[in-house]
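I opened the model today and kept short notes on what I looked up. The sequence and structure come first, then the entries.

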Amino acid sequence: MGTKPVRVNDATADAKVAAVDMKFEIVVIPVSDVDRAKEFYARLGWRLDAEFASGDDFRVIQFTPPGSGCSVIFGKNVTPAAPGSAKGMYLIVSDIEAARKALLDRGVAISEVFHGGAVDSGKDEPYLFGRQRVSGPDPEHRSYRSLASFGDPDGNGWLLQEITSRLHGRVDPATTTFGSANDLASALRRAAAAHGEHEKRIGAADPNWPDWYAAYMVAEQSGQELPL
């Protein structure tokens with residue numbers, strides 16, 4: 001019995017996999033009180049997509065976070081998992097301080113913003129980056145490094161993670177999309193700040209700023225080298 005190494009960028013394998021789209025659609029969340037969970041996820045500002053029931057033995061509710069292509073469902077007799085056992089679920093945001101404030105304004109208890117350290121610390125949400133906690137956002141504001149955590153009434157655990165630039169190869173460079181007007185505005189602000197530094201370097205105003213902005217925003221999202 002042997003093992004075969006898997007090459008991440010195997011062009012042949014990629015071509016076969018890419019022949020059929022597989023879009024991640026649903027995460028099932030185990031809850032103990034369906035109405036309480038419904039109130040909580042509505043309070044987050046998530047969109048209520050559907051609610052179905054069949055007699056007294058089956059009920060399912062679906063919510064979708066703003067800008068997300070994936071939804072969550074919960075209800076009665078929709079999963080055998082123990083209530084509160086769903087952990088380490090990530091919500092990607094472009095501005096973690098703004099996202100955290102929006103939840104606080106809705107009355108949702110959420111941790112302070114933190115970033116990863118060299119040793120594990122913290123007891124809540126002890127999964128993936130959730131235990132590596134140093135107070136405050138990442139000092140260099142690098143993507144993937146700044147987080148905040150919260151839970152629903154049953155203890156199902158969520159993490160906000162700030163991402164402004166994806167790892168190289170994570171995004172198709174031919175496709176640039178923004179999940180919301182806020183994400184687009186944040187990207188424009190980052191491009192404007194970077195363009196200001198660009199004009200300082202060249203010592204003059206850059207009349208071709210629209211093309212520079214566009215190149216910067218595409219490169220930032222796809223993880224390519226940023227223009228100077």
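Helices (H or I, at least four residues) and strands (E, at least two) are DSSP runs, numbered from the N terminus. With that settled, I looked up Tyr144 and found it in the loop between E7 and E8.

**Ground rules.** I am working with a predicted model, where local features need pLDDT of at least 70, side-chain atom pairs count only at pLDDT 80 or more, and totals for chains, interfaces and linings use all residues. Residues are numbered from 1 along each chain as its sequence is written, and side-chain values use heavy atoms, with hydrogens and water left out.

**Whole chain.** I counted five helices and nine strands in the protein chain. Read from the N terminus, the order is α-β-α-β-β-β-β-α-β-β-β-β-α-α. I took buried as under 20% relative accessible area, exposed as over 50%, and partly exposed as in between (1.4 Å probe, protein chains only). Of the 228 residues in the protein chain, 34% are buried. A contact means heavy atoms within 4.5 Å. Among contacts with a separation of 6 or more, 56% join residues 24 or more positions apart. The accessible surface is about 14,000 Å², and carbon and sulfur atoms own 56% of it. That area comes from the Shrake-Rupley method with a 1.4 Å probe; for residues, only the protein chains shown count as cover.

Two strands pair if DSSP finds at least two bridges between them. I traced an open sheet of five strands in the order E5-E9-E8-E6-E7, with mixed pairing. Its edge strands are E5 (89–93) and E7 (134–135), each pairing on one side only.

I then went through the pairs.
- E5 and E9 run parallel over five bridges, and Ile92 stands opposite Gln161 in E9.
- E8 and E9 are antiparallel, also over five bridges, and Phe150 has Trp158 in E9 as its bridge partner.
- E6 (residues 114–115) and E8 (residues 146–151) are antiparallel and joined by two bridges, with His115 opposite Ser146 in E8.

The hairpin of E8 and E9 has five residues between the strands, and Gly155 there takes a positive phi near 100°.

Why did I note E9 as largely enclosed by the rest of the structure? Six of the six residues of E9 (residues 157–162) are buried, so the strand is largely enclosed. In a regular strand the side chains alternate between the two faces of the sheet. In E9, Gly157, Leu159 and Gln161 point one way, Trp158, Leu160 and Glu162 point the other way, and all are buried. E8 is mostly covered, with five of its six residues buried.

**The E7–E8 loop.** I checked two residues here for phi. Tyr144 has a positive phi near 75° and is not a glycine. His141 lies in the loop between E7 and E8, and its phi is also positive, about 55°, although it is not a glycine. Which of them is buried or exposed? Tyr144 is buried, with a relative accessible area of 16%. His141 is exposed, at 51%.

**Second largest pocket.** Rolling a probe the size of a water molecule over the atoms shows where empty space is left. On a 1 Å grid over the protein atoms alone, a pocket is an open set of points where a 1.4 Å probe fits, with protein on both sides within 12 Å along at least five of seven lines; lining residues have an atom within 4 Å of a point. The second largest pocket holds about 200 Å³ of space. Its lining includes His141, Glu162, Pro137 and Arg189. Helix H3 (96–105) and helix H4 (181–202) are the elements that give two or more residues to that lining. H4 gives the largest share, three residues.

Definitions and conventions. Grid points are joined across faces, edges and corners, and a volume is the space filled by probe spheres set on the points.
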